[in-house]
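Q: I have a structure to look at, and I would like to learn how to read its features. Could we begin with a strand and then turn to a pocket?

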Amino acid sequence: MQKRKLGNFRLEVSALGLGCMGMSDFYSGRDDNESIKTIHRALDLGVTLLDTADMYGVGKNEELVGRAIKGRRDQVIIATKFGNVRAEDGTFLGVNGRPEYVKQACEASLRRLGVDYIDLYYQHRVDPNTPIEETIGAMADLVREGKVRYIGMSEAAPETIRRAHAVHPITALQTEYSLWSRDVEDEILPTCRELGIGFVAYSPLGRGFLTGKIQKFEDLEEDDYRRHSPRFQGENFQKNLDLVQQIRKIASEKGCQPSQLALAWLLAQGQDIVPIPGTKKVPYLEENLKALDISLTDDDLARINQVAPQGVAAGERYPEEVMKGVNL
């Protein structure tokens, strides 16, 4: 397994991580046994970075990951997040970055995961009502107490990142980045590189769209949250499908799947980038990992950039209300 290092603090992880969210929430077809098999297979193949959050399945995903890594803690870099607060029934209650909540959330995550420490602890979303210095200060306390090894942020604006990094070194920023979500290239990614912060790319396959396996809106199950995503609706769906067809053509010429080409492109954007494609099925996991064997030439990259330039996707990446909470 190829390795990459996040941030100046040199947290070494596998070049591809595993996003675990869909095992417990937002997508249909949940099967804990199958998900645990997928996590075990990932570990067997050398994947070390497992990504979860306390909001996924309202704690259920952390419990699932905890069961899966039992007896294998030394093989895993556990990344989890706090800040998005949900009621027991899943209702979103807002964002909380208050210091007392940070510590309370960490204790709850440690308990659900069944571990003594969290390797990489992210603030899931920036709390606009709490100064970032106070939130990061509380996270720094957790580092000093040995409950957290490294601190991360998610969907934070450049200025917020700078302010946070001045309080305690930020090891990784996690934000959406893929062939159809490239806005981070303007300011966010350069800021991370200037400060020596690693970049963890979530939804690197465009929530599954870039796999080429979704051909029509009806392919999405009734309880699939993507039905409410602007990029999967109306005319946007067809425009984005046309983009995938062009990616599929290049992938075919390279002898790989569209998903593998999309991941290989992301990996080629820099050694400081670690994509975390999510899946709950072993065959898709194995398919994703083969992207590590794909070599893209300068001509390949130029052609891909021509097909999928920044801003190519039709529609926002989240519904309007959710977009208000990103890049704060």
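Q: Which residues point one way from β10, and which point the other way?

A: This is a predicted model, in which local features need pLDDT of at least 70, side-chain atom pairs count only at pLDDT 80 or more, and totals for chains, interfaces and linings use all residues. Residues are numbered from 1 along each chain as its sequence is written, and side-chain values use heavy atoms, with hydrogens and water left out. Strands are DSSP runs of E with at least two residues, and helices are runs of H or I with at least four, numbered from the N terminus. From β10, Ala172, Gln174 and Glu176 point one way, while Leu173 and Thr175 point the other way, and all are buried (under 20% relative accessible area, with a 1.4 Å probe and protein chains only).

Q: Which strands pair with β10 in the parallel sense?

A: Two strands pair if DSSP finds at least two bridges between them. Strand β9 (residues 148–154) runs parallel to β10 and is joined to it by three bridges, with Ser154 having Gln174 as its bridge partner. Strand β11 (residues 198–202) also pairs with β10 in the parallel sense, over five bridges, and there Tyr202 stands opposite Glu176.

Q: What is the volume of the second largest pocket, and which element gives the largest share of its lining?

A: Rolling a probe the size of a water molecule over the atoms shows where empty space is left. A pocket is an open set of points on a 1 Å grid over the protein atoms alone, where a 1.4 Å probe fits, with protein on both sides within 12 Å along at least five of seven lines, and lining residues have an atom within 4 Å of a point. The second largest pocket has a volume of about 310 Å³ (the space filled by probe spheres set on the points, which are joined across faces, edges and corners), and α3 gives the largest share of its lining, five residues.

Technical notes:
Buried < 20%, exposed > 50% of the residue type's maximum accessible area, 1.4 Å probe, protein only.
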